Amino acid sequence: MRLFDTHCHFERAHADEISSIVERARKVGVEKILAVGGSVALNEAALVARDKVGLLAAVGYDRDQINEKLPKIGEEKLSAWGEIGLDYYYSPDTKDKQKELFAMGLEEAKARDLPVVVHTRMADEDTLSILKEIPSRGIIHCFTGSVGFSKKLLDLGFYISYSGIVTFRAADNVRESASVVPDDRILIETDSPFLAPVPMRGKVNEPSFIEHTCRFLAELRGKTAEDFAELTFTNAEKVLCSK
Ligand SMILES: [Zn+2]
């Protein structure tokens, strides 16, 4: 079984620490990992993960950076741009600034011909209207929205990625969309170090735990874990490794 964790963060740019996390993941079949940025510190760690440990990297500025000084990113050899996006659950008071930064990120990705990694929470309408305004390709990560929202994102060409949240007891709404997204558009991720899946809840999440989310979703979708791992791996390669 080969697995692709399409979304993890490293909070510290320490090559040794990242290497040991990645080694544990390799042992359970995780062959590829996208290290995702979003702030100056996360971007730096993602680039160390790429340059010193051989992972794929995405950099960008997420919604929490609206009041930060954002240095221009001159990087090449990126696999994606992100994460970027809108979160009206945690920050409903800064919608306009979030929208502005999200649009800038999409333009930046477009100029570099990169897929984007999009975070969206409680912001369905604005996410859709900005994605229509600035046509983009890529991943909607850690999806927790409705079936209707997932269909609109699929219509725009996006891949939908599920984290360990789908294994949580109270997440019936997440399982609803996770059971109907087509086989050729679904992805899995850890979003580590957050959101460890059942049965690892309460632990610090890491890419090796993707196995649990894979097995859970395979069962939900009536597939073997091997088949589901393979199809999500192939999908991830299509969106992240096509250049
Ligand atoms: Zn993330």
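How many helices and strands does the protein have? The protein has eight helices and eight strands; helices (H or I, at least four residues) and strands (E, at least two) are DSSP runs, numbered from the N terminus. This is a predicted model, in which local features need pLDDT of at least 70 and side-chain atom pairs count only at pLDDT 80 or more, while totals for chains, interfaces and linings use all residues. Residues are numbered from 1 along each chain as its sequence is written.

**Overall form**

Along the principal axes, the C-alpha atoms fill a box of roughly 40 × 40 × 35 Å. Of the 243 residues, 47% count as buried. A residue is buried if 20 or more other C-beta atoms lie within 10 Å of its own, exposed if 12 or fewer, and partly exposed in between, with C-beta atoms placed from the backbone. Among contacts with a separation of 6 or more, 64% join residues 24 or more positions apart. Two residues are in contact if their C-beta atoms, placed from the backbone, lie within 7 Å.

Strand β1 (residues 3-8) pairs with β2 in the parallel sense over four bridges, and Phe4 stands opposite Lys32 in β2. β2 also pairs with β3 in the parallel sense over four bridges, and here Ala35 stands opposite Ala57 in β3. Pairing requires that DSSP finds at least two bridges between two strands. Eight of the nine residues of β2 are buried.

Helix α2 (residues 40-53) has 14 residues and reaches 19 Å from its first C-alpha to its last, close to the 20 Å expected. The expected span is 1.5 Å times one less than the number of residues. Buried residues of α2 include Leu42, Ala46 and Val48, and their cover includes α1 (15-27), β2 (30-38) and β3. Just after α2, Gly54 takes a positive phi of about 80 degrees.

The largest nonpolar core has 70 residues, of which Ala35, Ala46, Ala57 and Ala58 touch the most other members. Such a core is a set of buried Ala, Val, Leu, Ile, Met, Phe, Trp, Tyr and Cys residues joined through C-beta atoms within 7 Å. Leaving aside neighbours within four places in sequence, Ala46 is in contact with Phe10, Ala35, Val36, Gly37, Ala57, Ala58 and Val59.

**Backbone details**

| Site | Feature | Value |
|---|---|---|
| Gly82 to Glu83 | cis peptide bond | omega near 5 degrees |
| Ser192 to Pro193 | cis peptide bond | omega near 15 degrees |
| Lys77 | positive phi, not a glycine | about 55 degrees |
| Cys142 | positive phi, not a glycine | about 50 degrees |

Glu83 lies in strand β4 (residues 80-87), whereas Pro193 is in the loop between β8 (186-188) and α7 (210-220). Lys77 is found in the loop between β3 (56-61) and β4. Lys77 is exposed, because 10 other C-beta atoms lie within 10 Å. Cys142 is in the loop between β6 (138-140) and α5 (147-155), and counts as buried because there are 25 C-beta neighbours inside 10 Å.
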